[in-house]
Amino acid sequence: MQRDWFRLTRTAWKLALPLIGIAILLKLAGIPQRLDLWLYDTLALSTSLAPSSSLELVAIDEKSLRELGRWPWPRSRHAQLIDRLRDAGARVVVFDVLFTEPGTEDPTMARAMREQGSVILPVHLYPASADAPLSEQLPTPTLTRAAAALGHVHVELDEDGIARGLYLYSGLGRASWPAISLAAAQLADHAQGVSLRDDQQVSPYVNVRSQYAYIPLAGRVGSIPTTSYSDVLAGRVSMERFAGKTVFIGATAPGFGDVLPTPLSGLASPMSGVEFHANAYSALVQDKLMLVIPAYQQFLLAAAVIVFISLALPQLKPSHTLWVCLMTSALLLLAVTLLFRHASTWVPVSQALLVPLIAYPLWSTRRLTLLNTFLNRQLDILSRDPGLGLKDIHQQQPIRIVEELRLLLQAEGWWLSQDDLIMAQHGLSRRDRPKSLESGLWTHRGDQSWIRFARGDRSFELGLMLPASLGREASRRYLQRLRLDSPGYFQGRERNYPGENIGDRIERVQGAIESLTDMREFIARGFERMPDGVIVTDAMATIQFVNGHIEEWFGEPRPSLIGMSLPGLLNAHDPRDAAPWQETISDTLTLGQTRTVDLQVKGMDLLIHLAPFSMSDADQHGIIANISNISELREQQRQHREAIDFISHDVRSPLVSQLALIAQLKRRPESIGPEQLEHLGNLARRSYQLAEEFVQLARAEQLTETRFYDCEFLAVVENARDSVSEQAQSKGIDLALHGADDIWLRGNAELLERAVINLLTNAVQYSPAGSTVTIQVFRAGHQVCLTISDEGMGIAAHELPHLFDRYRRQKSTELSGNRGAGLGLSFVKVVVDKHKGEISVHSREGEGSSFTLRLPVADPLATITPSESSLN
């Protein structure tokens, strides 16, 4: 265990060191910082803070400038505004206006400030001139003495020129001024959790800043309740709105230039400085100021992620590596979002966020490098292993190929020549050869199929005359799959390697692996393609192998079947009290007896053959269980019994009635009249109808695809309509056919027409006189659809599930006097199933019925092969 830990630690260091180096380079390039800013803006846009109810803004806007004159205004006007706000009951008044130059009206404004008692003035930090050092620009001494507090209004933009926050304390040396928003909050007794740190003694010319905080904005420009400066002086607004509130006064007119781009406004609609400070005050009084975690905590977070990724990735499967990296990044983003929205804490997470995203390609590259090294070491071993594959067709002699193909395809003629030398000939001559043949591709013309193929530097021409049968197209498709060219001539020229060395190695590995796996693949595919299910167990009757039929029939996934006890599997699906499965399987293993037993699984009739086996070169034995699905055979037996019952009852009944009536007429010839003859005719017609239904159903059940051909479905429906038209006219029923497009399908037109006639006959029989039977033929995707709708009595809901059962007649049919064997709709269902289609019915009693057939459309492209494009 200690050795494994040492190996894991060594591998982790090989991943951690490159990660640390890349993280440092990214930090120096400033990429994490820019990504953090973008992430902060994204969260800020999705989360806005409602403005404080104790906040009002008086704006020096364009309207005020038009009404009160150009700037600067006399300070007596500001004194007048302070007096009005004092009379209104304003708690704190904050001026974001610089009063650095003395004026004659300073005493007037100072008097108003003292009477109000809580007026805050700004301090600005900037050099007096371009060559001067940084200095603090304070209000005039008169105003400074009258102010309740001073606060700095300096806002420092981030790297991308966007204002997102400010320092709560800033000043030269130890003269640290609170932000004007913080001073207002402290004066209003709302500041919480903010304190001034005792910084060390520094030069009086150094700007000392502390406690940087991000400002969660209330929204875009105009989100803070704002009143025009001139409206307050003129008394055009209710002064009650200022009672008990903190009022910020500042310039919002664009001409002042005091604007800041923010995450919510950007460069297109910047925010005024006074509104930014008002937002900061709103966040302070609501205790929602966005604090930033210290730099050392950011470093520890990135280091923790590096340690986790470096230890986790070497222990993961390749398929799990990407998900772990993505989930790590996703969890970091989720944590940052939750802290941002619910804890008012901003965590610059990009440095840690980039670690998993960088680690994935790094680790994948290392893993691929190790894999490539291993494959190169194993290449020579694999390439020296002997081949175990079946013999390819291109390895057989051409004359042998001709012999095999003519026997297999029952060819009526054949031709094989090498250049001008005829090697085999029967029924074909030189005149039959096409003028041009493309090497490796079959050309089909009429009943002949030709190909030219190469063996080394020799060229051969092969021709076959196929018999005229329905299987000719299948034979051509089979020939098209045969590759007679040797790989050096045909297959090799299609391969394109990116480089000679890589291509050679790939070829050698491919050949070695294919030679080792061909036989195993052949055996596995043979088991899968078997028509029966196969189970192989060990000596303890534990299942070791199953094919796809077992998985499908038992409804169990293959992994759960492997390792399951065979008696347990059989008991779970077909439990037995007499002759339990344990006894049967035990006899097979211990006595070496072959057993054959019936089995019922999920309504299927199965037959299981249990045979013991043993390995010839090892002391191993087990059971091979071959399971055959005999459900169709049992169903045929059931249908056979039903047919016998049908013949013995339904067919014999009208015949017996006829014989009885004939005997009666013989005894009394004088009683022969039209009524007796009509009755005798009805009985004969009923006998014929029953026999015809029975014969048609038997024909449909024996239908196979060998009797399919291309037929036009609309023509089939039209012929069926014409056959029923006389019956419809006798009741005054209109057969309305809708459909004009020729839609081709592959099937048996005769039986399809008979099926449509059955549906139309039923529609006419159960429709009232003078009604309409609607016939619609249309195409829907890869299906041709036929809908037959009538206006008859409809079908009861409880009879719909059994509508297509054999020898089952509806109650309404019996009451209406329509006689039959109940095979008409069964015949339709069998024909539709044989054509791999679907039939559905929609009906309500008293509203009529609608039958819909859906049959697959013939796809001409499915039978066209590349060589068939050269057909004449």
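Me: Where is the place of aspartate 598?
Reply: Helices and strands here are DSSP runs numbered from the N terminus, helices being H or I with at least four residues and strands E with at least two. Aspartate 598 sits in strand β22, residues 595–601. The model is predicted, so local features need pLDDT of at least 70 and side-chain atom pairs count only at pLDDT 80 or more, whereas totals for chains, interfaces and linings use all residues. Residues are numbered from 1 along each chain as its sequence is written, and side-chain values use heavy atoms, with hydrogens and water left out.

Me: Which residues does aspartate 598 touch, not counting residues up to four places away in sequence?
Reply: Contact means heavy atoms within 4.5 Å. Aspartate 598 touches Asp574, Arg576, Trp581, Leu606, Leu607 and Arg634 on that count. Aspartate 574 is 24 residues away from aspartate 598 in sequence, and their C-alpha atoms are 9.9 Å apart.

Me: Why is aspartate 598 counted as partly exposed?
Reply: Buried means under 20% relative accessible area, exposed means over 50%, and partly exposed lies in between, with a 1.4 Å probe and protein chains only. Aspartate 598 is partly exposed because its relative accessible area is 38%.

Me: Which residues are buried in α10?
Reply: In α10 they are Ala302, Val305, Ile306, Ile309, Ser310 and Ala312.

Me: How do I read a salt bridge?
Reply: Side chains of opposite charge can pair when their charged atoms come close. The rule asks for a side-chain nitrogen of Lys or Arg within 4 Å of a carboxyl oxygen of Asp or Glu. By this rule there are 26 salt bridges. One of them joins arginine 236 and aspartate 231 at 2.6 Å, N to O. Arginine 236 is partly exposed at 46%, while aspartate 231 is buried at 11%. Elsewhere, salt bridges with shared partners link Asp83, Arg86, Asp87, Arg111 and Glu115 into one network. Within it, the side chains of arginine 86 and aspartate 87 meet at 3.3 Å, N to O.

Me: At what angle do α23 and α25 pack?
Reply: Axes are lines fitted to C-alpha atoms, for helices over the stretch in contact, and angles run from 0 to 180 degrees between N-to-C directions. Helix α23 (residues 749–765) packs against helix α25 (residues 824–834) at about 145 degrees, with axes 9 Å apart.

Me: Which residues of α25 meet α23?
Reply: Gly824, Leu825, Phe827, Val828 and Val831 of α25 do so, and the α23 side includes Leu751, Leu752 and Arg754.
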